[in-house]
Amino acid sequence: VAARAALPLAGRVIVLDPGHQLGNHNFPAQINALVPAGGFRKPCNSTGTATNAGLPEATFAFRVANRLKLRLEKLGARVIMTRTTNREDRWGPCVDARGRRGNKVGADLKVSIHGDGSTSGGHGFHIIAPVNRAPWTDDIFVSSRRLARVLRAELVARGYQRANYIAGGDGLDFRGDLATLNLSDVPTVMVESGNMRGTDARWMSSATGRRAYARALAQGIVDYLTTAK
């Protein structure tokens, strides 16, 4: 009991959201159905992108999320995944369910993991946080921006470059059109880990790269939950 109490994330609940699902492309009717997105409606999900060599974004996100889950659990956290499969015969869950997942379990935060599909000349990561949209995100946009900045700092400290194709060039993006963010009542961000269509693809496709992403995100989550606001 004493050993568990000493773990930095003991008692914390964290939701990880691996973007998309491997089989989404096999279920066009289901993923194109409109669902609530925070005052408007959007398609349930999308297929995601892939590297030019064929590694799907869904697979990248799922593998990073599972590595991250193991790290967070070793630090004492209870970790809940928005999806626990990565299969061609599955689709979803929809973005509204992903957005609300942390609310249902009283999570301390939610991190959605993705890879971007920008043009081949784009490289680097960026982190998307919600804007202030009452009554949807006015309760979490400040804490979510802090989470985004803490995760950015950890990635930068480990040598990751900020995306060179996002306005501002600071590695942060603020959006009000994403159900995954809009429907959350807990601090939440979306991590676009790199550009899968560009030079980031080789790193993102490697087991070494996925372990490194998991280490960086785990440390960022620890920093966010254990340092003074």
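1. His20 sits in the loop that runs between strand S1 (13–18) and helix H2 (28–32). The model is a predicted one. His20 is not a glycine, yet its phi is positive, at about 65°. With a relative accessibility of 9%, His20 counts as buried.

2. Now the chain as a whole. Its secondary structure comes to 8 helices and 8 strands. Along the principal axes, the C-alpha trace spans about 50 × 35 × 35 Å.

3. Burial and contacts come next. Of the 229 residues, 52% count as buried. Take the contacts between residues at least 6 apart in sequence: 80% of them join residues at least 24 apart.

4. The chain exposes about 9900 Å². Carbon and sulfur atoms supply 52% of that area.

5. Cys44 and Cys94 form it, with their sulfur atoms 2.1 Å apart. The angle about the S-S bond is -95°, and the link of Cys44 and Cys94 is left-handed. Cys44 lies in the loop between strand S3 (41–43) and helix H3 (57–74), while Cys94 lies in the loop between strand S4 (78–81) and helix H4 (95–105); the pair therefore ties together parts that are 50 residues apart in sequence. Are these cysteines buried or exposed? Both Cys44 and Cys94 are buried.

6. Two cis peptide bonds deserve a look. One joins Gly92 and Pro93, with omega at about 5°. Another cis peptide bond joins Ala134 and Pro135, where omega is about 5°. Pro135 belongs to the loop between strand S6 (126–130) and helix H5 (141–157).

7. Last, a residue within a helix. Thr59 has its place in helix H3. Its relative accessible area is 8%; the cut-off for buried is under 20%, so Thr59 is buried. Which residues does Thr59 touch, leaving out those up to four places away in sequence? Thr59 touches Leu22 and Asn86.

Definitions and conventions: Residues are numbered from 1 along each chain as its sequence is written. This is a predicted model: local features need pLDDT of at least 70, side-chain atom pairs count only at pLDDT 80 or more; totals for chains, interfaces and linings use all residues. Side-chain values use heavy atoms; hydrogens and water are left out. Helices (H or I, at least four residues) and strands (E, at least two) are DSSP runs, numbered from the N terminus. Buried means under 20% relative accessible area, exposed over 50%, partly exposed in between (1.4 Å probe, protein chains only). Contact means heavy atoms within 4.5 Å. Accessible areas come from the Shrake-Rupley method with a 1.4 Å probe; for residues, only the protein chains shown count as cover. A disulfide is a pair of cysteine sulfur atoms within 2.5 Å.
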